[in-house]
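Q: I am new to this structure. Can you show me how to read its features, one at a time?

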Amino acid sequence: MNIKIQSLGGVKVLHCDGSLDADTVEAFKEVSYKLINEGTNNFVIDCTEVQFVDSIGLGALISLLRRVREKEGDVKISSLNEDVKTIFEITRLHRLFEISADWKTAAKSFNR
Amino acid sequence: MSLYHHSFSVKSDPHNINSLRQWISEVGEKLELSGFCRKARFHISASLVEAVDNAIFHAHKGMKDNLIDISFTVDTQTAILEVADNGEGIKNFSPKLVSEYEEHGRGLYIINQLMSEVQSVFKNGKHHLVMKYNFNDKRVDNE
């Protein structure tokens, strides 16, 4: 998994690619937790190039969400493909995360 | 009579996940069965990943030298995927959805939603998760 980090004010957009699964989850945690330690509380996870997410990847997203919500931050998800959206829906996580059609919309929603 | 059958073993290592997922997609594409469509390939490959994750982290507790046995059989109506590990198995297999902030425990629930039938059985000294996908299953999985 490659992760490109984009800063938009106080929001960090993580443009991820490939899979977020048991094989890649440590790389995702390393990058996102480092940003938390540096003071970031608001994240957009841009999944435009993410083909697959398993339950362990979902766990990493929830872990990130829990950490930032303790600091009144949030994690928003954007651009899920049909398969990943199915996984979010059957696990009901589309109710836990705000999911946007694109990362720009998700980033702007922090200003509401 | 099956159109496809293949059995093999892999080490209990997350590095294998991506290639296993690709393998299911390639088998589905080559067989050119109308029922083994893109959605079916996703359901079966995602279930295989969850079953292998379960074997790696729960049954084998991260010990990579343990082997996971995988068997995949396809006929015109069904695909049967079997994943065997050294774990103790699952009594009264009926996975429930965990609470939304829980970080673990969704894998078997996902399999149960994506596949038509799932059984946890113990045979030949190993735990087998037997997952069946009916190509004519019209069940809505994300209602």
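A: Start with two helices. This is a predicted model. In it, α1(A) and α2(A) are roughly parallel to each other, because their axes cross at roughly 10 degrees. An angle under 35 degrees counts as roughly parallel.

Q: How do the axes of helix α1 and helix α2 of chain A come together, and where are these helices?

A: Helix α1 spans residues 25–37 of chain A, and helix α2 spans residues 55–69 of chain A. Their axes come within 10 Å.

Q: Which residues in α1(A) meet α2(A)?

A: First the general idea. An α-helix has 3.6 residues a turn, so residues three or four places apart point the same way. Now the case here. On α1(A), the residues are V25(A), F28(A), K29(A), S32(A) and I36(A). They meet I56(A), G57(A), A60(A), L64(A), R67(A) and V68(A) in α2(A). By class, this contact has seven nonpolar, two polar and two charged residues.

Q: What is the order of the strands in the sheet?

A: The order is β1-β2-β3-β4-β5, all in chain A. The sheet is open, has five strands and shows mixed pairing. β1 (3–8) and β5 (98–100) of chain A stand at the edges. Each has a single partner strand, so one side of each is left without a neighbour in the sheet. From one strand to the next, the twist averages 25 degrees.

Q: In what sense do β1(A) and β2(A) pair?

A: They pair in the antiparallel sense, over six bridges. Strand β2 covers residues 11–20 of chain A. For one pair to look at, find I3(A), which stands opposite C16(A) in β2(A).

Q: Which strands does α1(A) touch as it packs on the sheet?

A: α1(A) touches β1, β2 and β3 (42–53) of chain A. The direction of α1(A) makes about 175 degrees with that of β2(A).

Q: How many residues does each chain bring to the contact between chain A and chain B?

A: The size of an interface is often given as the accessible area lost when the parts come together. Here we count residues instead. Chain B brings 22 and chain A brings 23. On the side of chain B, α1 (17–31), α2 (38–59) and α3 (107–114) each give two or more residues. α2(B) gives the most, with six. That side has nine nonpolar, six polar and seven charged residues.

Q: Which residues of helix α3 of chain A are buried, and what covers them?

A: V84(A), T86(A), I87(A) and F88(A) are the buried ones in this helix, residues 82–90. Their cover includes β3 of chain A, together with α2 and α3 of chain B. Just after α3(A), R92(A) takes a positive phi of about 65 degrees.

Technical notes
Residues numbered from 1 in each chain as written. Chains lettered and ligands numbered in written order. Predicted model: local features only at pLDDT ≥ 70, side-chain atom pairs only at ≥ 80, totals over all residues. Axes fitted to C-alpha atoms, helices over the stretch in contact; angles between N-to-C directions. Helix = DSSP H or I, 4+ residues; strand = E, 2+ residues; numbered from the N terminus. Parallel < 35°, antiparallel > 145°, perpendicular 65-115°, else oblique. Contact = placed C-beta atoms within 7 Å. Nonpolar A, V, L, I, M, F, W, Y, C, P; charged D, E, K, R; others polar. Pairing = 2+ DSSP bridges. Buried ≥ 20, exposed ≤ 12 C-beta atoms within 10 Å, placed from the backbone.
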